[in-house]
Amino acid sequence: MIDMREIITPDSVLAKLKINSKKQLLQALSELAATQIHRDEHEILNTLIERERLGSTGIGHGVAIPHGKLNGLSRIMGVFIQLAKPVEFESLDHSPVDLAFMLLAPEDAGADHLKILSRSARFLKKETVLSSLRLSLDAQTIYNILVTIEYENIS
């Protein structure tokens with residue numbers, strides 16, 4: 001079973017962030033991740049932008065899962081941002097994004113990275129989960145929702 005506590009920490013979650021664009025959201029995710037893994041935020045941002053060029057990571061329902069691989073990273077890590085108001089993200093369903101879960105993986109992560117990405121996407125399409133995340137008023141509550149997920153039971 002995937003334990004989200006190995007991927008995110010309470011410090012890697014932000015709530016009610018005021019952002020005005022997709023670019024600002026990617027920058028905020030990169031900045032937050034950089035503080036967690038002590039890497040250059042521009043390196044992270046460039047990784048995300050390169051991935052976005054392949055196609056939007058806006059999966060629909062107001063959710064984006066930007067992701068990428070970083071050389072020298074020792075483990076899969078994530079950060080989560082809940083926005084104060086949705087921003088345009090070129091999502092698959094054309095809906096603006098207000099929840100973003102960024103995942104970074106080591107270059108050699110392979111199947112583990114894809115497994116976490118896939119399960120996160122399925123989880124973040126569930127209406128009950130989305131409602132809980134959107135109604136959360138603080139980062140700790142969002143973190144608690146994310147780490148209590150039974151990822152093996154997501155179908």
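User: Leu-73: buried or exposed?
Analyst: Leu-73 counts as buried, because its relative accessibility is 11%. Buried means under 20% relative accessible area, with a 1.4 Å probe and protein chains only. The model is predicted, so local features need pLDDT of at least 70, side-chain atom pairs need 80 or more, and totals for chains, interfaces and linings use all residues. Numbering starts from 1 along each chain, and side-chain values use heavy atoms, without hydrogens and water.

User: Where does Leu-73 lie?
Analyst: In the loop between β4 (67–70) and β5 (77–87). Strands here are DSSP E runs of at least two residues, helices H or I runs of at least four, numbered from the N terminus.

User: And what does Leu-73 touch?
Analyst: Leaving out residues up to four places away in sequence, Leu-73 touches Ile-37, Arg-39, Leu-104, Ala-105 and Pro-106. Contact means heavy atoms within 4.5 Å.

User: Switching to α3. Which of its residues are buried?
Analyst: His-113, Ile-116, Leu-117, Arg-119, Ser-120, Ala-121 and Phe-123.

User: What do the buried residues of α3 pack against?
Analyst: Strands β2 (58–60), β4 and β6 (97–106), plus helices α4 (127–135) and α5 (139–147).

User: Now α1 and α2. At what angle do the axes cross?
Analyst: Roughly 135 degrees, and the axes of α1 (residues 22–37) and α2 (residues 41–54) come within 8 Å. Axes are lines fitted to C-alpha atoms over the stretch in contact, with angles from 0 to 180 degrees between N-to-C directions.

Technical notes
Buried means under 20% relative accessible area, exposed over 50%, partly exposed in between (1.4 Å probe, protein chains only).
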